[in-house]
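This briefing covers strand pairing, a metal site and helix packing. Please read it alongside the sequence and the coordinates.

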Amino acid sequence: MSSYLVRNARPYGGDPVDLAIENDRIASLVSTGATAATYSTAEVIDADGAILLPGLVDLHTHLREPGREDAETVESGTQAAALGGFTAVHAMANTDPVADTAGVVEQVWRLGREAGYCDVYPVGAVTVGLAGQQLAELGAMADSAARVRVFSDDGKCVSDAVMMRRALEYVKAFDGVIAQHAQEPRLTEEAQMNEGELSGRLGLRGWPAVAEEAIIARDCLLAAHVGSRLHVCHVSTAGSVEIIRWAKSEGWNVTAEVTPHHLLLTDDLAATYDPIYKVNPPLRTAADVEAVRGALGDGTIDIVATDHAPHPHEDKDCEWAAAAFGMLGLETALSVVQHTMVDTGVLDWAAVAERLSARPAQIGHVSGHGRPIAEGEPANLVLYDPTVTRIVDAAETASLSRNNPYRGMELPGRVLATFLRGKPTVLDGKVQ
Ligand SMILES: [Zn+2]
């Protein structure tokens, strides 16, 4: 039997408590100073007033295994997740082979179990090979040991309206959800960065906001028409926010995510021609950043999801047009959310727990995660110190990749400890 006593931790940033963990559960929760002697044999962790949150849940992670183990593996990616305070991640399907069969999703699920740092929930592909031509074995993936509930061709858009309609209809049978990467392909051929005055000046092909917004509008209408569940990945524009606001006002079953990088970074970084800032959808304008922050604040955007996208240096240390899209995000997510949403007074810590743990767990139908901090609940927890600041060092990471867009920036906060079912995966900021 393992037991821990976490002293002087503040659940959701509130009053300090002492929390006893026995095996995989929270055994007791009492005001600091009133701990019963029955836990005197436990290993004591002094939280020193740090914030206690339910373990974070990421609905959008690229773990790259199978196929690109030079960029990331399930083991390295889930270590990075644990360092970021996550206890569950959804692994996107754009691996090699693509996660479009029960066999592949079970392999990814099993690798997550074996590594043991974080629960891994594979996302199933919507179409075979992400090719957009033929519906993948959605039912077989849902019935597999991995019990897939989230389906996405992420990296590519399910651009064919008939295919999208069929997928939305199909997943209703097991209350699945289609997570759409909203990118109208014809409007974004060879697109390199946000379309605007700057893309013209830099001579880089533009990725217009309308290419995202047109797909989101269509998919909201389709989801309403067939009475199914749509999740919009990485919302990046002010116009997308308005469309989602409208769909929700109609009572449609639409949810949405924003990435940490779209909450903080803007398209003017492309002027450096440094491909570290190349991502899909692209970094947008300051007005878009303001809109997605407001939408995350008022709940129009439900959750933060990282879109952690590791790439080896040869795919990033090259000229902009040749570089891969994507940036790391797991280890910095909570710091970026603190910086953009908490320190600015938009969200309190209870709202952060809602948007990074409870809601993503609900959308992904993940049980045992995103639960309240209370006696008898699973001990999936993160201890976070918001009072420190750090200069981000790209070399300090569990990821096999280094494409960290925050390198050299000062960000607040540090994950002190992460518990997965009562077992520390991170202690003193180090992987266990
Ligand atoms: Zn995507």
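Strand E2 (residues 17-22) and strand E3 (residues 25-31) run antiparallel and are joined by six bridges. The model is predicted.

**Hairpin E2-E3**
- Two residues separate E2 from E3 in this hairpin.
- In the turn, asparagine 23 has a positive phi of about 55 degrees.
- Across the pairing, valine 17 lies opposite serine 31 in E3.

- Three strands in the order E6-E7-E8 make up an open sheet with parallel pairing.
- Strand E6 (56-61) and strand E8 (119-122) are the edge strands, each pairing on one side only.
- On average, neighbouring strands of this sheet are turned by 20 degrees against each other, direction ignored.
- Four bridges connect strand E7 (residues 86-91) with E8 in the parallel sense, and valine 89 stands opposite valine 120 in E8.
- Helix H1 (residues 74-83) packs on the sheet and touches E7 and E8, with its direction at about 135 degrees to that of E7.
- Helix H2 (residues 102-115) also packs on the sheet, touching E7 and E8, and its direction makes about 175 degrees with that of E8.

**Zinc site**
- The zinc ion has as protein donors Asp154 (OD), His181 (ND1) and His234 (NE2), at 1.9 to 2.2 Å from the ion.
- The sequence spacing of these donor residues is D-x26-H-x52-H.
- The histidine pair links distant parts of the chain, 53 residues apart.
- Histidine 181 sits in the loop between strand E10 (177-180) and strand E11 (193-194), whereas histidine 234 sits in the loop between strand E13 (230-232) and helix H7 (238-249).
- Histidine 181 and histidine 234 are both buried.

**Helix pair H6-H7**
- Helix H6 (residues 209-226) packs against H7 at an angle of about 10 degrees, and the axes are 9 Å apart.
- H6 is therefore roughly parallel to H7, since angles under 35 degrees count as roughly parallel.
- From H6, the contact involves Glu212, Glu213, Ile216, Ala217, Cys220 and Leu221.
- From H7, Gly239, Ser240, Ile243, Ile244, Trp246 and Ala247 meet them.
- The residues of this contact comprise eight nonpolar, two polar and two charged ones.

How values were computed:
Residues numbered from 1 in each chain as written. Predicted model: local features only at pLDDT ≥ 70, side-chain atom pairs only at ≥ 80, totals over all residues. Heavy atoms only, no water. Pairing = 2+ DSSP bridges. Donors = N, O, S within 2.8 Å, 3.2 Å for Na, K, Ca; no water. Buried < 20%, exposed > 50% of the residue type's maximum accessible area, 1.4 Å probe, protein only. Axes fitted to C-alpha atoms, helices over the stretch in contact; angles between N-to-C directions. Parallel < 35°, antiparallel > 145°, perpendicular 65-115°, else oblique. Contact = heavy atoms within 4.5 Å. Nonpolar A, V, L, I, M, F, W, Y, C, P; charged D, E, K, R; others polar.
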